[in-house]
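Hi everyone, thanks for coming. I'd like to walk you through one structure today, starting with the whole chain and ending on a single residue.

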There are 2 protein chains.
Amino acid sequence: MVIRGSTPMGMPSGVPEVVIMRLPQYIRILSEMLAGGVEMVSSQQLGEMLQVTPAQIRKDLSYFGRFGKQGRGYNVKGLLAELKEIMGLDRSWNVGLVGVGRLGRAILSYPGFAPEGFHIIAAFDADPNLVGRVIGNLNVQSMNELDTVVKELDISIGIVAVPSRHAQGVIDRLMDCGIKAILSYAPIAPQGQAGVKIRNIDPVLSLQTMTFYLSSGSAED
Amino acid sequence: MVIRGSTPMGMPSGVPEVVIMRLPQYIRILSEMLAGGVEMVSSQQLGEMLQVTPAQIRKDLSYFGRFGKQGRGYNVKGLLAELKEIMGLDRSWNVGLVGVGRLGRAILSYPGFAPEGFHIIAAFDADPNLVGRVIGNLNVQSMNELDTVVKELDISIGIVAVPSRHAQGVIDRLMDCGIKAILSYAPIAPQGQAGVKIRNIDPVLSLQTMTFYLSSGSAED
């Protein structure tokens, strides 16, 4: 709790990370329900969609206050708005990308970030041949400018798309600039600092969760 | 259980998906331990590293037989070998990629797949201007050839890297060719068929699990 800092906005501290990991999925499901005209939802229904027990749903939400009414369930619109605010998803975030090679360019052209409030507004690369070039509407900047630009543009999230051998160094640089949330595409287990969250996009791990079914289902085909 | 087919190799059926999702992480942790010279590990230690209870570790592993010895823990090397075999990770898999735009090219040049046994051996695109070009050592093939090539090359996993609006169509085509495991980079919730596993790589969901900490920790900085 000390690591995460105080709770100046009255935010609950000490919420288990596994609960935080689930909340974006609550938000997605509630958004779809709202779009579909659903007004009320029970913890039973939410549980079925999230593959957890209704008791777990009630416990998850209890960290953030009293939402549902006994026997009536949750108001979809109200719960969605509250969860978005709690998660910081009712606002937009400035994001900086490090690495504009093939992967970095794919990330810059990915259309899914902006509609969800994540705006990549700066791009950096260590390669002098790339610095100064315009890629995806952004002027690629030198890593020497990282600290200044992060502060000037109020960047709070970093995306790392550099080769594995450079990833930890780049993550260290981002943390030194005060970045507290990092999304890394490098297949390494990065070392963090206190108070910094790092998530890995790991396609290999995803593949590895499917081979069980291939092995057991089609072994004698 | 019917959907997943019979268990011709004596594989356990009816293992909860959440357990299967965790097993690749067990394998990673055990691999690191083995590389570090660790011989035995307790369910307590495994639990701490995987952020689940020791009881959960014992329950997870109990689906696959009796591994540990009361009071002595698990033999790292033995458990690792067994889990790899169970998960189908002691062999290699042929993978086909659909979509060789920016993202597809980044995937082809990603160095993390092959060392883990995932070999992208064919690439397809619907764009006639790309068909016939050599990208990442692969000759890009037409979507018309998908069915033939999947069968000839014994491809069992598909990776989808096409624009969102085409993703479901491509996933349908792959399933029609008998592909049972699909990794999709498109930010859509795809419709599967019985017996097919689909995983999404979703960078937005990852970002959304971090903003809670940014909101609560730095609101008054």
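**From chain A to one arginine**

Let me begin with how the two domains sit: the C-alpha centres of domain 1 and domain 2 of chain A are 32 Å apart. The domain assignment puts domain 1 at residues 17–87 and domain 2 at 93–203. Keep in mind that this is a predicted model.

How confident is it? The scores are ipTM 0.83 and pTM 0.71. For chain A the mean pLDDT is 86, with 90% of residues at 70 or more. Please be careful with residues 1–11 of chain A, where pLDDT stays under 50. The model does give that stretch 20 contacts beyond four places in sequence.

Now the overall picture. Chain A contains nine helices and ten strands, and its C-alpha atoms fill a box of roughly 65 × 60 × 35 Å along the principal axes. Of its 221 residues, 38% count as buried. Among contacts in chain A with a separation of 6 or more, 56% join residues 24 or more positions apart.

Let's zoom in on A:Arg105, which belongs to helix 5, residues 102–108 of chain A.

Take A:Gly136: it is 31 residues away from A:Arg105 along the chain, yet their C-alpha atoms are separated by 7.2 Å.

That's my tour, and I'm happy to take questions.

Notes:
Residues are numbered from 1 along each chain as its sequence is written. Chains are lettered from A and ligands numbered from 1 in the order in which they are written. This is a predicted model: local features need pLDDT of at least 70, side-chain atom pairs count only at pLDDT 80 or more; totals for chains, interfaces and linings use all residues. Helices (H or I, at least four residues) and strands (E, at least two) are DSSP runs, numbered from the N terminus. Domain bounds come from an automatic or database domain assignment. pLDDT is the predictor's confidence in each residue, from 0 to 100. Two residues are in contact if their C-beta atoms, placed from the backbone, lie within 7 Å. A residue is buried if 20 or more other C-beta atoms lie within 10 Å of its own, exposed if 12 or fewer, and partly exposed in between; C-beta atoms are placed from the backbone.
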